[in-house]
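Let's explore this protein together, one question at a time. Take a moment to look at it first.

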Amino acid sequence: LVTVFFVFPLLIFLRYSFNRFDPGQFMQSAWTLENYIKFFSDPYYVAILGRTFAVALVATLLTLVLAFPLAYYLARMQSRRKSLLIMLVVLPLMAGNTTRAMGWIALFSEVGVINFMLRELGLVKAPVQILQTPGAVIVAIASVVLPYMILTLQAVIEGIDPVLEEAARDLGASKWRVMWSVVLPLSMPGILAGTLLVFVLCINAYSTPLLIGGPRVLMMAPALYAQIQEVSNWPFGGAMAMILVVMTLFLSAVYVRLVERRYGQG
């Protein structure tokens, strides 16, 4: 099933990426690198690629910062409310990305909640541009992938024996020292796994950057879709798809290799 519904379509896109685009004939069969050359020689598309990487990286780091305290709290919780809280963490995944993006639009737009509160408090006179900015896209994407990071970290932290933290406190370590010197190093495998998963999801995000960022914060997936759906330039869209796939696989392979070097003998 994976081969038929994932690998095979990618191979078709790979073949299309070497064809020539002809508006009158859809595309011409060829074996040329002009689509890849066009992408990397045009500063517009190179900027989209760099923006995609930067947004994904910052969103991943933001997700980690937000997820770790809650994951630790859930991992150490012993009450019956733990199952309820885990359900609340998973609950946003049951709503589509488009639905959640609409909620952020209601907050970030010029007539949204945030601008209304700023005007009511007298902090601004004119609406502040929040929507269609990199910051808004980062926050929205981070909110989408946050449950994955929380659940990944929680599973690893639950495997850390609480006795180790108690021993550190008995030796005079403060709560922050215990967290920094005991919990954080022991939870590093979960941090590495969670950040890799979240980064891959962020770098391939489509609906959230499209709705929140619009044309001002264009990322690879929406730009790719526009080439295929709006321009009908399948060869160039195929080249963009392959560039995105190769970049994702390359970064993932380098990341996994670094993790294996650090923890492969653990």
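**The largest pocket and its neighbours**

Phe6, Leu10, Phe13, Asn204, Leu224, Ala241, Leu244, Val245, Thr248 and Leu249 line the largest pocket. This is a predicted model, where local features need pLDDT of at least 70 and side-chain atom pairs pLDDT 80 or more, while totals for chains, interfaces and linings use all residues. Residues are numbered from 1 along each chain as its sequence is written, and side-chain values use heavy atoms, without hydrogens and water.

Q: Which element gives the largest share of the lining of the largest pocket?
A: Helices here are DSSP runs (H or I, at least four residues), numbered from the N terminus. Helix 1 (2–16) and helix 13 (234–263) are the elements that give two or more residues to the lining of the largest pocket. The largest share, five residues, comes from helix 13.

Q: Where in helix 1 does a kink lie?
A: The bend at a residue is the angle between axes fitted to the seven residues ending there and the seven starting there. In helix 1 this gives a kink of about 25°, shortly before the proline Pro9, at Phe8.

Methods. On a 1 Å grid over the protein atoms alone, a cavity is a set of points where a 1.4 Å probe fits but cannot get out, and a pocket is an open set with protein on both sides within 12 Å along at least five of seven lines; lining residues have an atom within 4 Å of a point.
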